[in-house]
Every structure is written in structure tokens, then in C-alpha cells.
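Work through the exercises below with the sequence and the model in view. Try each task before reading its solution.

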Amino acid sequence: MSLGKLANCSRCDALFVQAVRDICPKCYQQVEQEYELCARFLRKRENRGSNIYQVSEATGVSVKQITKFIKEGRISIAGNPHLGYPCERCDSLIHTGNLCDSCIHSLKHDITQDLEVMKRLDEEKNPGNSTAVYRGKRNTDE
């Protein structure tokens, strides 16, 4: 049975004995209080149409922490239709993943273009390894 290891808290950088979480007990208590503030705010019927920025402003909890609560499943977006979190690339509100559909499409397009450029450069560098094969005209007199 392991007792844990010494680690620095990812929130406050304090030294603590890490057993399960990557934050110290003091920060864990603060996170739980922040969660209760958000949950209490969203339980009120008049606040159910709030977006993440309105929840953050009303509760004083950071958008980053509220995003973490949503991704962990602690705050449900099912009963809160306007509640989402920002895309990591363009900041538009999303409900799942890390990127919005537009950014995913854009990244896929960029990757495809990069692969095509790399393939062309490789073909220019090594012309003998080209996939295109030249086939000469056959002599029918033979």
C-alpha cells in the first residue's frame, strides 16, 4: 500500500503529499466551493439561459474552471441550452470536444495541404521513387 508521493499543487504550487488528486487539499476545498457556487447559480430557473461568461461573472469562478466542470460532467449542459465552453482555437462556444466543427474542418484541410506539399517535395527530391511510371510505346514490329 502506497502512502503517496511529494508533489507540487498544480494550482498554487504548494508542496503536498499526492495520493489521488494533482491539487493540494486547500485548493481542492476551493474548487469544491467554486463548483457549489456555479451549481447553485444554475439551479435557479432564471439563470438556466446563461452562457459560460455570464456564469463566470455572476459567481466569480473562472471560465477555465467552469469549462473543467463541464468536461468532467459535473455541470450538465443538458438543462442549460446556452451553456458551452470556448473552442480552444477561436473561442466560439461548443458543447463537446476541444475544437468547434469549423476549426476541425480547417485543421483537416491544412493537414491535407501540408501532406500534399510534403509528397510533392519528396517526389522532387527522389524522382526515381515516384509513383508515376513511364511506359514507352511498344514496338509492334517485333
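**Exercise 1. Decide whether Cys-103 is bonded to another cysteine through its sulfur.**

Step 1. Find the closest cysteine sulfur: for Cys-103 it lies in Cys-100, at 3.5 Å.
Step 2. Apply the cut-off: a disulfide is a pair of cysteine sulfur atoms within 2.5 Å.
Step 3. Conclude: the sulfur of Cys-103 is too far from that of Cys-100 for a bond, because the separation is 3.5 Å. By this rule the count comes to 0 disulfides.
Step 4. Buried means under 20% relative accessible area, exposed over 50%, and partly exposed in between, with a 1.4 Å probe and protein chains only.

A note on the numbers: this is a predicted model, in which local features need pLDDT of at least 70 and side-chain atom pairs count only at pLDDT 80 or more, while totals for chains, interfaces and linings use all residues. Residues are numbered from 1 along each chain as its sequence is written, and side-chain values use heavy atoms, with hydrogens and water left out.

**Exercise 2. List the elements of the protein chain in order.**

Step 1. Count them: the protein chain has 4 helices and 4 strands. These are DSSP runs numbered from the N terminus, with helices (H or I) of at least four residues and strands (E) of at least two.
Step 2. Read from the N terminus: the order is β-β-α-α-α-β-β-α.

**Exercise 3. Describe how H1 and H3 pack.**

Step 1. Take the geometry: the axes of H1 and H3 (residues 63–72) are 11 Å apart and meet at an angle of about 80°. Axes are lines fitted to C-alpha atoms, for helices over the stretch in contact, and angles run from 0 to 180 degrees between N-to-C directions.
Step 2. Classify the angle: H1 is roughly perpendicular to H3. Angles of 65 to 115 degrees count as roughly perpendicular, under 35 as roughly parallel, over 145 as roughly antiparallel and the rest as oblique.
Step 3. Name the residues: H1 contributes Val-31, Glu-34, Tyr-35 and Cys-38, and H3 contributes Gln-65, Ile-66 and Phe-69. Contact means heavy atoms within 4.5 Å.
Step 4. Sort them by class: the contact has 5 nonpolar, 1 polar and 1 charged residues. Here Ala, Val, Leu, Ile, Met, Phe, Trp, Tyr, Cys and Pro count as nonpolar, Asp, Glu, Lys and Arg as charged, and the others, Gly among them, as polar.

**Exercise 4. Which residues touch the most other members of the largest nonpolar core?**

Step 1. Define the set: a nonpolar core is made of buried Ala, Val, Leu, Ile, Met, Phe, Trp, Tyr and Cys residues joined through side-chain atoms within 4.5 Å.
Step 2. Pick out the residues: of the 25 in this core, they are Cys-38, Val-55, Ile-66, Phe-69, Ile-70, Ile-75 and Leu-83.
Step 3. Trace the sources: H1, H2 (52–59) and H3 each supply at least two residues. The largest share, 7 residues, comes from H1.
Step 4. Check two members. Cys-38 has a relative accessible area of 0%, so Cys-38 is buried. Ile-75 touches, among others beyond four places in sequence, Tyr-35, Cys-38 and Leu-42.
Step 5. Look at H3: Gln-65, Ile-66, Thr-67, Phe-69 and Ile-70 are buried there. The buried residues of H3 pack against H1, H2 and strand S3 (85–86).

**Exercise 5. Is Tyr-85 buried or exposed?**

Step 1. Locate Tyr-85: it is in strand S3.
Step 2. Read its relative accessible area: at 3%, Tyr-85 is buried.
Step 3. List some contacts: not counting residues up to four places away in sequence, Tyr-85 touches residues including Ile-52, Thr-67, Ile-70 and Leu-93.
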